[in-house]
Amino acid sequence: MSGTRMIEIQNGMAERAIELLALPDDEPCFVLDLGCGSGLSGECLEENGHFWVGVDISKSMLDVAKEREVEGDLVHGDLGDGLPFRPGSFDGAISISALQWLCNADKSYHKPHKRLYKFFSSLFASLSKGGRAVFQFYPENAHQIEMITSQSMKAGFTGGLVVDYPNSTKAKKYFLVLMTSSAHSRMPKALGVDSASSTTVQNEATRDRIRKSRGKSLKSGKEWIQERKERRRRKGLETRPDSKFTGRKRAGRF
């Protein structure tokens with residue numbers, strides 16, 4: 001694929017992310033570009049009349065952005081270490097093709113769940129009340145999607161997944177749309193689907209369940225135990241009478 005074609009694809013995804021961000025019309029906003037790279041998404045923000053700050057782990061990509069003389073301020077940092085900004089600094093945030101990298105353990109001490117939670121928690125704090133964050137990303141599998149969405153809801157966000165053109169191999173795109181408040185906020189509709197079908201997955205119920213469970217072990221509930229037993233049955237696995245899946249405690253354990 002040529003460099004020109006890649007830039008066109010990047011710009012198209014950035015424009016779609018900005019659309020999903022649902023910023024006020026004709027009002028300049030302050031937006032955070034997460035994994036900003038060479039600043040292509042930031043230029044789309046500029047063209048839409050917004051100011052931006054970009055964060056990226058790659059110093060060489062930030063150097064390219066500086067050489068291109070982008071308008072936004074640039075910050076060198078690892079998203080998994082959390083964001084360094086003051087509470088309520090930004091009206092919104094976008095990210096193109098970067099979020100999935102937080103699911104990797106690139107160093108021996110990296111814990112993807114913890115890194116995702118630290119990132120989302122600091123992002124939630126950095127956004128103003130009612131702000132949104134939109135991530136275009138490439139999940140490897142359903143487990144990555146679950147890990148990402150669960151940690152974002154645990155951090156306080158509402159929202160969910162929007163899948164554009166779900167039936168197209170080339171055009172299919174995943175967007176995670178996160179909101180700091182669910183009041184008066186509706187999930188946007190996906191592109192390339194008819195009105196009868198839905199490719200928008202909302203995760204507010206997951207966030208509420210996580211909130212209710214704080215301070216308690218998710219594994220202690222009777223409902224959880226029954227759910228695990230049923231899963232094992234479907235796989236043809238037996239559950240021993242002294243197994244934790246029966247809901248009974250083993251002798252000598254408290």
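The protein chain has 7 helices and 8 strands. Helices (H or I, at least four residues) and strands (E, at least two) are DSSP runs, numbered from the N terminus. The model is predicted: local features need pLDDT of at least 70, side-chain atom pairs count only at pLDDT 80 or more, and totals for chains, interfaces and linings use all residues. Residues are numbered from 1 along each chain as its sequence is written, and side-chain values use heavy atoms, with hydrogens and water left out.

Of the 254 residues of the protein chain, 43% count as buried. Buried means under 20% relative accessible area, exposed over 50%, and partly exposed in between (1.4 Å probe, protein chains only). Among contacts (heavy atoms within 4.5 Å) between residues at least 6 apart in sequence, 63% join residues at least 24 apart.

Helix H1 spans residues 3-21 and helix H2 residues 40-47. Their axes come within 9 Å and cross at roughly 50°. That makes H1 oblique to H2. Angles under 35 degrees count as roughly parallel, over 145 as roughly antiparallel, 65 to 115 as roughly perpendicular and the rest as oblique. The axes are lines fitted to C-alpha atoms, for helices over the stretch in contact, and angles run from 0 to 180 degrees between N-to-C directions. H1 passes H2 in a right-handed crossing. A crossing is right-handed if the near helix is turned clockwise from the far one by less than a right angle, and left-handed if anticlockwise.

On the H1 side, the residues that meet H2 are Ile7, Gln10, Asn11, Ala14, Glu15 and Ile18. H2 contributes Leu40, Ser41, Cys44, Leu45 and Glu47. By class, this contact has 6 nonpolar, 3 polar and 2 charged residues. Ala, Val, Leu, Ile, Met, Phe, Trp, Tyr, Cys and Pro count as nonpolar, Asp, Glu, Lys and Arg as charged, and the others, Gly among them, as polar.

The buried residues of H2 are Leu40, Ser41, Gly42, Cys44 and Leu45. Their cover includes H1, strand S1 (30-34), strand S2 (51-56) and S4. Just after H2, Gly49 takes a positive phi of about 85°.

The count comes to 7 salt bridges. A salt bridge is a side-chain nitrogen of Lys or Arg within 4 Å of a carboxyl oxygen of Asp or Glu. Side chains of opposite charge can pair when their charged atoms come close.

One of these bridges joins Glu8 and Arg5, at 3.4 Å from N to O. Both residues lie in H1, 3 residues apart, about one turn of the helix. An α-helix has 3.6 residues a turn, so residues three or four places apart point the same way. Glu8 counts as partly exposed because its relative accessibility is 45%. Arg5 is also partly exposed, at 43%.

A second bridge pairs Asp164 with Arg16 (2.7 Å, N to O). This pair links distant parts of the chain: Asp164 is in strand S6 (residues 158-164), Arg16 in H1, 148 residues apart. Asp164 is buried, at 3% relative accessibility. Arg16 is buried too, with a relative accessible area of 7%.

Arg115 and Asp78 form a further bridge, at 3.1 Å from N to O. This pair also links distant parts of the chain, 37 residues apart. Arg115 is in helix H4 (residues 112-126), and Asp78 is in the loop between strand S3 (73-76) and strand S4 (90-96). Arg115 counts as buried at 10% relative accessibility, and Asp78 counts as buried at 18%. Salt bridges that share partners join Arg16, Glu19 and Asp164 into one network.

Glu69 is found in the loop between helix H3 (59-67) and S3. Glu69 is exposed, with a relative accessible area of 66%. Tyr165 lies in the loop between S6 and S7. At 38% relative accessibility, Tyr165 counts as partly exposed.

Lys189 is found in the loop between strand S7 (173-179) and strand S8 (200-202). Lys189 is exposed, at 72% relative accessible area. Its C-alpha lies 7.1 Å from that of Val162, 27 residues away in sequence. Lys114 is found in H4 and counts as exposed, at 62% relative accessibility.
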